[in-house]
Amino acid sequence: SATLGGLIGTSTGRITDSFATGNVRINYDGGGEVANLNVAGGLVGTHDSGTIARAFATGNVTVTSTGAAYVGGFVGWNIGAITDAFSRGNVSYTQNSDELLDDRTAAVGGFAGFHEAGEGAAASMDRTAEHGKVNASSTLVAQDVGGHTGRSSNGDIIDSYANGNVTANSDYIQNVGGLIGTTLNFDYEVRSAEDAFSDLPEMKIQDEMLDLAKHIIETKAGEF
C-alpha cells in the first residue's frame, strides 16, 4: 500500500501558504491475496489532524490499483480542517483486477477523496474549490465519486464548489454526484421517525371536511 501527496504523504500538523504543482501517481498491483488501501492527494495524501490554510495543488492525481483507494485532487483522506484551498488537476482512479481482493469502497473526488470525522473529532472543509476533471472506473470494487468529494462521513463542507466534469463507470456499485458522491452520518445523529414527528399534535379530521375532500378528488379525477 502507499500514501502519497504532492507535498506531504501524511500530515498531522499545520500547513499554511503552501502549494504543489507536480503530478501524483500510484500504480499498485496487489502483491498478495489481499489488496491494501492506497491514498493519494495533489497536496497531501492523508491529512490526519491539524489544519491546512491558504494552499493549492495543480498536478494530476492518478491511481491504478487492484483494490480500493482514496483519491483526491487536493487531499486523498481528510480528517482535519482545511480552509481557503483549491485544486486544479485532473483526478483518475482505475481498479484493474478481475478478482475481488478488497471489500472496501473507493472514494474519489476532485478535491477530497474521503472526508471523515470520528466521534469527538471535527473535520471541515471551508471555502474550497475544485477545477479539474474526475474519472473513476472499477470492475469489482464499489466506488463513491464526486466532483468535489467522493465520500463525506460526518464532516462539514462549507462554501465550497466543484467546477469539473465527473465520469464514473463500474460493473459493481457506485454513487456519483457533481459535488459529493455520498454522505454518511453516525447512527446517533439520525433520528427515528417517531422522534422526528413527536412534536406534531394529533389531529382528528371532521367528517364533513373528509367528505368534501373526497368530493373534490372525485370531481377532478380524469384520464390523462
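Is Asp 84 buried, partly exposed or exposed? Asp 84 counts as partly exposed because its relative accessibility is 32%; buried means under 20% relative accessible area, exposed over 50%, and partly exposed in between (1.4 Å probe, protein chains only).

1. Basis. This is a predicted model, in which local features need pLDDT of at least 70 and side-chain atom pairs count only at pLDDT 80 or more, while totals for chains, interfaces and linings use all residues. Residues are numbered from 1 along each chain as its sequence is written, and side-chain values use heavy atoms, with hydrogens and water left out.

2. Salt bridges around Asp 84. The count comes to 4 salt bridges, each being a side-chain nitrogen of Lys or Arg within 4 Å of a carboxyl oxygen of Asp or Glu. Asp 84 forms one with Arg 127, with the closest N and O atoms 2.6 Å apart. Arg 127 lies in strand β15 (residues 124–130) and Asp 84 in strand β11 (residues 81–87), so the pair ties together parts 43 residues apart in sequence. Strands (E, at least two residues) are DSSP runs, numbered from the N terminus. Arg 127 is partly exposed, with a relative accessible area of 42%. Arg 127 also forms a salt bridge with Asp 126, at 3.6 Å between the closest N and O atoms; Asp 126 is buried, at 18%.

3. Arg 54 and Asp 17. These side chains meet in a salt bridge of 2.7 Å, N to O. Arg 54 is in strand β7 (residues 51–57) and Asp 17 in strand β3 (residues 14–20), 37 residues apart. Arg 54 is partly exposed at 45% relative accessibility, whereas Asp 17 is exposed at 54%.

4. Aromatic pairs. There are 6 aromatic pairs; rings of Phe, Tyr and Trp (its six-membered ring) pair if their centres lie within 6.5 Å, and planes under 30 degrees apart count as stacked, over 60 as edge-to-face and the rest as tilted. Phe 56 and Phe 86 are stacked because their ring centres are 5.1 Å apart and their planes lie at 5°. Phe 56 lies in strand β7 and Phe 86 in strand β11, 30 residues apart in sequence. With Phe 19, these two residues form one aromatic cluster. Trp 77 and Phe 114 are also stacked, with centres 6.0 Å apart and planes at 15°. Trp 77 is partly exposed at 22%, while Phe 114 is buried at 7%.

5. Open sheet. Six strands run in the order β2-β6-β10-β14-β18-β23, with parallel pairing; two strands pair if DSSP finds at least two bridges between them. β2 (8–11) and β23 (180–184) stand at the edges with a single partner strand each, so one side of each has no neighbour in the sheet. Strand β14 (residues 112–116) pairs with β18 (residues 149–153) over 4 bridges, and His 115 stands opposite Ser 152 in β18.

6. Nonpolar cores. A nonpolar core is a set of buried Ala, Val, Leu, Ile, Met, Phe, Trp, Tyr and Cys residues joined through side-chain atoms within 4.5 Å. The largest has 23 residues, and those touching the most other members include Ala 40, Val 63 and Tyr 70. Another core of 14 residues lies apart from it, with Ala 20, Leu 43, Ala 57 and Phe 111 among its members.
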